[in-house]
Amino acid sequence: MFVLELSYTAPLDQVDAVLEAHVAWLDAQYERGVFLASGRKNPRDGGVILAVAGDRARIEEVAATDPFVTAGVCAYRITEFTATKTAPELERYRESPS
């Protein structure tokens, strides 16, 4: 499982200019089963995405296709973690510690 932290690198008007494309990209990742949750940070200086994938390389590939990234308005910080405890709704993503 991965936590993707987005930090805006441009003013909000530039971020907002790409927002519609970013939301369409988010929707596509949800349809593929890659993203589990997402939203804006408060204060609005970026966002957070909870994601699943086979490995870090795949998540890095996905993040690189975000319109926010291709437009140069955000940077990603990706943290991988082992979800050893989850809410019942996320049980299928639970892992055993190694």
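Trainee: Which residues of H1 are buried?
Mentor: In this predicted model, the buried residues of H1 are Val15, Val18, His22, Trp25, Leu26 and Gln29.

Trainee: And what do the buried residues of H1 pack against?
Mentor: They pack against the strands S1, S2, S3 and S4, and also against H2 and the helix H3, which covers 67–70.

Trainee: Where does H1 bend?
Mentor: The bend is at Leu19 and amounts to about 50 degrees.

Trainee: How far apart are the end C-alpha atoms of H1, then?
Mentor: They are 27 Å apart, which agrees with the 28 Å that the 20 residues of H1 should span at 1.5 Å a residue. After the helix comes Gly33, which has a positive phi near 80 degrees.

Trainee: Back to Leu19, what does that residue touch?
Mentor: Leaving aside residues up to four places away in sequence, Leu19 touches Arg40, Arg44 and Phe68. The C-alpha atoms of Leu19 and Phe68 are separated by 7.6 Å, although the two residues are 49 residues apart along the chain.

Trainee: Why does Leu19 count as partly exposed?
Mentor: Its relative accessibility is 22%, so Leu19 counts as partly exposed, given that buried means under 20%.

Trainee: Switching to the sheet, what is the strand order?
Mentor: The order is S2-S3-S1-S4, in an open sheet of four strands with antiparallel pairing. Strand S2 (35–40) and strand S4 (74–80) are at the edges, and each has a single partner strand, so one side of each is left without a neighbour in the sheet. On average, and with direction ignored, neighbouring strands are turned by 15 degrees against each other.

Trainee: Where do the helices sit relative to that sheet?
Mentor: Helix H1, residues 12–31, packs on the sheet and touches S1, S2, S3 and S4, with its direction making about 165 degrees with that of S2. Helix H2, residues 56–64, lies across S1, S2, S3 and S4, and runs at about 160 degrees to S4.

Trainee: How many bridges does S1 make with S4, and how many with S3?
Mentor: S1, which covers residues 2–8, pairs with S4 over seven bridges in the antiparallel sense, and six bridges join S1 to S3, also antiparallel. Leu6 has Tyr76 as its bridge partner in S4 and Gly47 as its bridge partner in S3, while Glu5 has Arg77 as its partner in S4.

Trainee: What about the largest nonpolar core, which residues have the most contacts inside it?
Mentor: Those are Leu4, Phe35, Ile49, Ala51, Ile59 and Phe68, in a core of 20 residues. S1, H1, S3, H2 and S4 each supply at least two residues of this core.

Trainee: And what does Ile49 touch?
Mentor: Not counting residues up to four places away in sequence, the contacts of Ile49 include Leu4, Leu6, Trp25, Leu26, Phe35 and Tyr76.

Methods: Residues numbered from 1 in each chain as written. Predicted model: local features only at pLDDT ≥ 70, side-chain atom pairs only at ≥ 80, totals over all residues. Heavy atoms only, no water. Pairing = 2+ DSSP bridges. Axes fitted to C-alpha atoms, helices over the stretch in contact; angles between N-to-C directions. Contact = heavy atoms within 4.5 Å. Expected span 1.5 Å × (residues − 1). Bend = angle between axes of the 7 residues up to and from the residue. Buried < 20%, exposed > 50% of the residue type's maximum accessible area, 1.4 Å probe, protein only. Core = buried A, V, L, I, M, F, W, Y, C linked by side-chain atoms within 4.5 Å.
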